[in-house]
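Some labels used for protein structures rest on cut-offs.

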Amino acid sequence: MAEIKSHEFEGFLERSARNYRLFVVYGPDRGLVSERASLLAAKTGVLLDDPFSLIKLDIADLQRDQGRLLDEAGAIGLFGGDKLIWIRGASNEKYLVDSLQALSASMPEATFVVIEAGDLKKGSLLRKGAETARNVVAIPCYADDTRALNSLIDNELSSAGLGITPAARQALLELIGGDRIASRNELRKLALYCRGKSTIEEHHVTEIIGDASAISVDDAVDAILSGNPSSFLHAMQKIISSKTAVFLVIQACLKQFQLLDAMKTEMEEKRLPAAQVMQTLGRHLHFRRKPIIEQALRTWSAEAVAREANRLQAAILQTRRRASLEDSIALQTLLSTTLQSARR
């Protein structure tokens with residue numbers, strides 16, 4: 001099935017979503033990806049508070065056991081009923097694409113799969129596989145445009161019984177939009193701040209709203225690779241205040257070091273310069289990030305990259321075993337990696 005356009009999602013969710021069981025939700029707006037995946041999960045009718053019905057996996061879980069998705073999909077539940085397999089942090093892992101194709105060809109009954117992925121370029125393995133399979137739904141999530149932001153503002157404020165002046169709306173539009181969850185949280189904070197009033201004025205916006213217009217996990221990862229502790233802490237402060245999961249940063253950082261590891265191997269085996277490897281393995285990167293990655297290739301040795309990737313993977317495992325300390329473990333590990341970059 002072809003992808004569901006952003007403006008089509010709400011109609012699809014209400015009318016057609018229950019007719020499908022395989023979903024790939026992707027895009028640069030991680031908050032919107034998470035929000036839409038949650039809406040799809042709720043639409044399946046699976047009991048999301050039942051550990052026997054809901055199976056949550058990170059892509060790191062599949063990296064350790066590449067056949068796990070097929071195993072979980074084919075397993076018979078202890079108490080029967082529908083089940084949902086919810087995968088987060090996917091990109092273009094071939095084993096995931098192969099598993100998705102196998103499920104598309106023969107999907108077990110009473111099983112739903114929702115896959116959350118990052119920004120998939122047109123023609124990338126996972127996106128292409130989802131768009132061409134007849135029973136897989138691909139749902140892109142791009143940053144909200146002005147129309148979508150105005151709709152979000154209206155929905156959140158009207159539910160709180162609040163109006164807003166044109167000047168306040170304009171000020172608000174300049175401060176939100178980088179991430180759907182961050183934007184929604186800022187609007188709810190504004191509504192709570194103005195509780196008891198009838199109309200939001202411009203000064204209310206400037207007094208309470210933080211800058212949620214450009215919250216990006218990539219900003220934190222770039223600060224880590226650049227060895228810039230102050231930029232890293234600033235990026236993390238924005239991410240935490242936006243209620244974005246800190247785990248996403250450590251996961252994205254691990255993926256970046258795994259990419260560096262592959263690039264270093266290519267450089268050493270084929271005796272290629274960093275710039276040439278960037279043209280092949282790094283061609284999908286945003287142009288703004290390429291100089292940072294290329295510099296990291298020059299400053300980190302292959303052994304150090306592999307060692308750091310293993311340390312990040314061990315930290316992710318710790319966050320799963322000690323969920324109450326997830327944020328602390330992630331922050332401490334990432335700051336240590338930032339300082340390692342600074343020394344180099």
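Q: What makes β2 a mostly covered strand in this predicted model?
A: Buried means under 20% relative accessible area. Four of the five residues of β2 are buried, and the strand is mostly covered.

Q: How do you know that β2 and β3 are paired?
A: Two strands pair if there are at least two bridges between them. Five bridges join β2 to β3, and the two run parallel; therefore they count as a pair. One of the contacts to look for is Leu54, whose bridge partner in β3 is Leu84.

Q: What joins β3 to β4?
A: Six bridges join β3 (residues 83-90) to β4 (residues 111-117), and these strands also run parallel. Lys83 stands opposite Thr111 in β4.

Q: Why are β2 and β5 called edge strands?
A: The open sheet has five strands in the order β2-β3-β4-β1-β5, with parallel pairing. β2 (54-58) and β5 (136-140) each pair on one side only, and they are the edge strands. Neighbouring strands of this sheet are turned by 15 degrees against each other on average, direction ignored.

Q: Which strands does α2 lie across?
A: α2 lies across β1 (22-26), β3, β4 and β5. The helix runs at about 160 degrees to β1.

Q: Why is Ser38 called partly exposed?
A: Ser38 is placed in helix α2 (residues 30-43). Its relative accessibility is 30%. Buried would need under 20% and exposed over 50%, so Ser38 falls in between and counts as partly exposed.

Q: How do you know that the span of α5 is close to the expected one?
A: Helix α5 (residues 94-105) has twelve residues, and 1.5 Å a residue gives an expected 16 Å. From first C-alpha to last, α5 reaches 17 Å, which is close to that value.

Q: Which residues of α5 are buried?
A: They are Tyr95, Leu96, Val97, Ser99, Leu100, Leu103 and Ser104. Each is buried, so each has under 20% relative accessible area.

Q: What makes up the lining of the second largest pocket?
A: α1 (9-15), α2, α7 (146-159) and α9 (180-193) each supply at least two residues. The largest share, six residues, comes from α7. The lining has 22 residues, of which Ser6, Glu10, Arg36, Ala148 and Arg180 lie nearest the centre of the pocket.

Q: How much space lies in the second largest pocket?
A: About 640 Å³.

Methods:
Residues are numbered from 1 along each chain as its sequence is written. This is a predicted model: local features need pLDDT of at least 70, side-chain atom pairs count only at pLDDT 80 or more; totals for chains, interfaces and linings use all residues. Side-chain values use heavy atoms; hydrogens and water are left out. The expected span of a helix is 1.5 Å times one less than its number of residues. Buried means under 20% relative accessible area, exposed over 50%, partly exposed in between (1.4 Å probe, protein chains only). Axes are lines fitted to C-alpha atoms, for helices over the stretch in contact, and angles run from 0 to 180 degrees between N-to-C directions. Contact means heavy atoms within 4.5 Å. On a 1 Å grid over the protein atoms alone, a cavity is a set of points where a 1.4 Å probe fits but cannot get out, and a pocket is an open set with protein on both sides within 12 Å along at least five of seven lines; lining residues have an atom within 4 Å of a point. Grid points are joined across faces, edges and corners, and a volume is the space filled by probe spheres set on the points.
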